[in-house]
Amino acid sequence: MWFMPVNVLFTFIIGSFLGWIVIVITKPPSHLRGLIVGCCASGNLGTMPLIIVPAICKQRGGPFGDPENCQKYGMGYVTLSMTMGTIYSWTYVYNIMRVLISPIETQPSIESNYDTCKVPLISSQEEEDNQKAGRWEKVKRRIVSLSEKVKLSTIFAPATIAAMIALVIGLITPLRKLIIGNGAPLGVLQDSLTLVGDGAIPAMTLIVGGNLLKGMSSSGMKKSTIIGVLVARYILLPISGLLIVRGAYKLDLITSEPLYQFVLLIQYAVPPAMNLGTITQLFGAGESECSVIMLWTYALASVSLTAWPTFFMWLVA
């Protein structure tokens, strides 16, 4: 299981790299760079796997064996994937989009203006020491400016806190037995959360539809940029994931369990995360463009989430 968080992190890092390639090739406006990187990096690791994996497990004669065990372990894998995806989205992607949407501007300082017109009245050694101190001050100012752009408080967003609490409860056996199970003393909490969670997928489906409806309106998004995001998410990223997961299997870093490998592979083939729309609304930049990208990525998700999972099941079975 240790490879699951690492694999999710790989999806974000490789997606960020592919997003930057799309930016270099298509040259979009500066305020859309963060959106493009976010759409290529952050995938829908919650709703889509929650729909796909149980549907495959319920089929009789499926490639993953007994339906009951497949459902049990598959939901565990998907839950861990969703938890790590939520944490990375609100820490890694949020701060990258914040920096790219509001690029750091460096203004000339008083010291630099003074250096251009000073008279060498001191020795060369003292002058060199002063220059080193001046460079160190510039580095410190850049670090402080970057820390102001990257708000660490977003790590403690509600979704991230909920994911961390769930991860702690799942890892600590006494807490897990206290809440989860038929004879758990606090089993009413599990029943209540399960009742609320059963409505999560229909609610997310309605949110997806609402966000995609905005994409029908016109926007300034280039067609080349949309095509670049589609190619990055549905062609290059799944191929990269295939190489990583199969390479990890060849190096004995992961087990030969087909269901586990399938969940690892499908993390690279899902459409962009829906919380990107929330992030763009928080920044007030690229809302309509985000809806356009979501419209096209989710419109073609039916093709991607049919072709790639079919190939993955054939590969791992």
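## Close-up views of a predicted model

**View 1. Methionine 294 in helix 14.** Methionine 294 lies in helix 14 (residues 287-299); helices are DSSP runs of H or I with at least four residues, numbered from the N terminus. This is a predicted model: local features need pLDDT of at least 70, side-chain atom pairs count only at pLDDT 80 or more, and totals for chains, interfaces and linings use all residues. Residues are numbered from 1 along each chain as its sequence is written, and side-chain values use heavy atoms, with hydrogens and water left out. Methionine 294 has a relative accessible area of 2%, so it is buried (under 20% relative accessible area, 1.4 Å probe, protein chains only). Its C-alpha atom is 8.2 Å from that of proline 271, 23 residues apart along the chain.

View 2. Serine 42 is buried because its relative accessibility is 0%. Its side chain makes a polar contact with the side chain of serine 89, at 3.0 Å (a pair of N or O atoms within 3.5 Å; within protein, one must be able to donate a hydrogen and the other to accept it). Beyond four places in sequence, residues touching serine 42 include Phe12, Val93, Arg233 and Pro271 (contact: heavy atoms within 4.5 Å).

**View 3. Contact of helix 11 with helix 12.** Gly241, Leu242, Val245, Arg246 and Tyr249 of helix 11 meet Gln261, Leu264 and Leu265 of helix 12. The residues of this contact are five nonpolar, two polar and one charged (Ala, Val, Leu, Ile, Met, Phe, Trp, Tyr, Cys and Pro count as nonpolar; Asp, Glu, Lys and Arg as charged; the others, Gly among them, as polar).

Note on methods. Buried < 20%, exposed > 50% of the residue type's maximum accessible area, 1.4 Å probe, protein only. Helix = DSSP H or I, 4+ residues; strand = E, 2+ residues; numbered from the N terminus.
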